[in-house]
Amino acid sequence: MNNRYNILYLEHDEERERLKNNLEKNLDLTSVQLISPVSSEHNEIDKVDFLDKIRKALSSKNFDLVITDAFFLPENLEHPEYGEGINCIHDITKLILHYSPSTKIVVYTHFKDVLIDDLEDLNIYEIWNKGSTPLNYLLWRIEKTLKEPWNIIPGQLLVDTLKKYLISKNMEPWEHPLYEMLNNYSPQLTAFQNLHKISENFGDISSELKIPTTQFANMLDTFIKQDYMSLISSPGSWSHAKHVFNVFWLGYYILNCVILDIPKNKRKLYNFLRLSEKEKKDIKKYINRAWIIASIFHDYGIIGEKLFELVENNNNVLKEYPWYDEEMHPVKISTSHSKDELREILKKSFEELKGVIGEKLINQINDEWNNKLNHGILSALTIRKNFYGTADEGIKISINEAAKACSLHKIPISIDNRVKYSDYPLACILRFCDEIQTWERETGLETIENPIAIQKVVLSEIKKLNDNTLKFKIEYLPRKDIGFNDSKNNETRKELKKLLDKKTIIALDSIDWEDSNLFLSVEFIFRGKKLREWKNN
């Protein structure tokens, strides 16, 4: 097997230790964690202790597969002839679905027939019979199961990983509502529905971080309303709202897990930001305040950038109505100002923003602004307009860092003059998250003219290898009607490689991570094979 898989194996019988060892030996690069129940003083299984062990395992590691018995017995008792042990399967599946909803669950039991009536209520992948499953077949079936897509929710792994990180530590005051937000969020709902569910969580987070709550709520509400309009201005795009949620969570995990939690990396960060001794003590609040503003609002200016396309597309629709007559009454909407006039209105604010950004990328900023109303720059101008005026000095530091990150996240950068982490740490994190966040949004796939064999894009792995190292894996899942030997697979692989080289890899290479002490890598996978791998050093 080419990939590293984690299996959680739940079994009452000590002889199953041999199966665990056999799995690890024969399924190369697979780790198996075995959990067995213990007996209570009344010679019954200690169900509470058993479920608590499972809960701790699920909250500390991401598992690709759970293999579990259904009926569990006290230690050293022989299995009865029928399913008379303690049935724990409902409790086990409930726990797994809470911590890792996309994890495959296989029930491996002698009493398959007893569970048939329960299958409607169990969200399991499959049920196997111990009595009729020889070991060599079991190994083959497990290997096949690990490679098959199942119930994959594109961004669920990110939600699960961030939740596990939060509950493993002493949470900061704003992290309690963040954890609630992750529990309340549902990828099946629209952005509007999700925002309704988590708006109170956003309010609590902004309040704990001392972000002006009214302005934050108003901008968030306006951004969501703009989301529908952005589809009119860019018909090939997806919703931006789910994108910004994912960018917020992804960057939050990176910033806190391998930067703010690691003393050496935290010192580097506040030295790069040139914080005072007093400000260094509150660096977590400064950075996380800046991050939520930058990540949630980095695409706020998209309608401003696409304003004239929006007007043109709306007018093309209005032409189809019976009230339209080109000569007599050409009903249409129009902008009150040209692009140059809009730039003139924003001239003073733009000059102030450039003063915040500094001289190092000033030519790129000027060129991009003169070329178009760049949405990142518009986002930064809006953030400063809405938050800066009434903020105290401490909050202004966060606002300016957020504005820098937004300004620089989508401007063309040459390989010879990259965005340096030592100059603009948050901008680098934002550029990175914005580029690899390709699930639940447009990815460039929609620009490929030839039909390809892709069903969806999934974040399939987040692995912390050490204090400074994170590995991500993004998989392009094939359509169910495309077999392994179909000729479309080769064509799809070629198109994906071209797309990654032309768009994603170039964008990731525009970031200079020197002196960051961070080691980030991203693998892009199709049908179990690596398309491209990017590393930051």
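A residue is termed buried when its relative accessible area is under 20%. C433 has 0% relative accessibility, so it counts as buried in this predicted model. C88 also has 0% relative accessibility and therefore counts as buried. A disulfide would require two cysteine sulfur atoms within 2.5 Å. The count of disulfides is zero.

In soluble globular proteins, nonpolar side chains tend to be buried together. The largest nonpolar core here comprises 111 residues. F202, W249 and F432 have the most contacts inside this core. Its largest share comes from helix 9, residues 241-260, which supplies 15 residues. W249 contacts a set of residues beyond its neighbours within four places in sequence. These partners are L158, V159, L162, L178, M181, L182 and Y185. A second core is separate and holds 27 residues. Among its members are L8, I89, I92 and L115.

Strand 1 spans residues 5-10. Six of its six residues are buried, so the strand is largely enclosed by the rest of the structure. In a regular strand the side chains alternate between the two faces of the sheet. In strand 1, Y5, I7 and Y9 point one way. N6, L8 and L10 point the other way. Residues on both sides are buried. L8 is also included in the second core.

Strand 1 is joined to strand 3, residues 65-68, by four bridges. The two strands run parallel. Within this pairing, I7 has L65 of strand 3 as its bridge partner.

How values were computed: Residues numbered from 1 in each chain as written. Predicted model: local features only at pLDDT ≥ 70, side-chain atom pairs only at ≥ 80, totals over all residues. Heavy atoms only, no water. Buried < 20%, exposed > 50% of the residue type's maximum accessible area, 1.4 Å probe, protein only. Core = buried A, V, L, I, M, F, W, Y, C linked by side-chain atoms within 4.5 Å. Contact = heavy atoms within 4.5 Å. Pairing = 2+ DSSP bridges.
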